[in-house]
Amino acid sequence: MLVGGQTSVFADVRSALNRDYSVVFPVAALMIALILGIVAAQLDRADIAADRRRARFRGDSGRLGCVFQGIEGNVGVSFFLPLMVYLFVIAMAPTTTS
């Protein structure tokens with residue numbers, strides 16, 4: 001017995017959607033979660049590397065301030081010095097974050 005018309009088309013669409021809901025959507029959600037987890041881990045590593053650079057810059061700036069102001073007896077530090085320290089620290093930083 002063959003059935004035709006809109007009712008049979010809607011029945012076929014409903015059965016296809018039910019299969020999609022039960023198979024395709026969970027697999028897609030799992031893949032999206034996996035990709036987001038990988039991206040989040042990479043972003044976290046980038047944040048850690050940036051935090052290390054900031055801490056290194058602050059430490060170097062503080063040590064240089066102590067050298068110039070405390071040991072050498074200068075009144076202040078040139079405004080250009082932090083920029084030079086930053087460039088030096090970035091140039092000496094390792095390129096990998098392993």
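**Stop 1: the nonpolar patch**

Select Val-9, Phe-10, Val-13, Leu-17, Tyr-21, Val-23, Val-24 and Phe-25: together they make a nonpolar surface patch of about 740 Å². Patch members have over 30% relative accessible area and no salt bridge, and nonpolar side chains (Val, Leu, Ile, Met, Phe, Trp, Tyr) are joined within 5 Å. Areas come from the Shrake-Rupley method with a 1.4 Å probe. Tyr-21 sits in helix H1.

This is a predicted model, where local features need pLDDT of at least 70, side-chain atom pairs count only at pLDDT 80 or more, and totals for chains, interfaces and linings use all residues. Residues are numbered from 1 along each chain as its sequence is written, and side-chain values use heavy atoms, without hydrogens or water.

**Stop 2: helix H1**

Now select residues 6-71. This is H1, with 66 residues. Helices here are DSSP runs (H or I, at least four residues), numbered from the N terminus. From first C-alpha to last, H1 reaches 90 Å, close to the expected 98 Å; the expected span is 1.5 Å times one less than the number of residues.

Centre on Asp-20. H1 has a kink of about 40 degrees there, the bend being the angle between axes fitted to the seven residues ending at a residue and the seven starting there.

Next, pick Ser-8, Ala-49, Ala-50, Asp-60 and Gly-65, the buried residues of H1. Buried means under 20% relative accessible area, exposed over 50%, partly exposed in between (1.4 Å probe, protein chains only).

**Stop 3: the salt bridge**

Show Arg-54 and Asp-51. They form a salt bridge, with the closest N and O atoms 2.5 Å apart. The term requires a side-chain nitrogen of Lys or Arg within 4 Å of a carboxyl oxygen of Asp or Glu. Both residues lie in H1, three residues apart. Arg-54 is partly exposed at 43%, and Asp-51 is partly exposed at 43%.

**Stop 4: past the helix**

Technical notes
Helix = DSSP H or I, 4+ residues; strand = E, 2+ residues; numbered from the N terminus. Patch = residues over 30% accessible without salt bridge, like charges linked within 9 Å, V, L, I, M, F, W, Y side chains within 5 Å.
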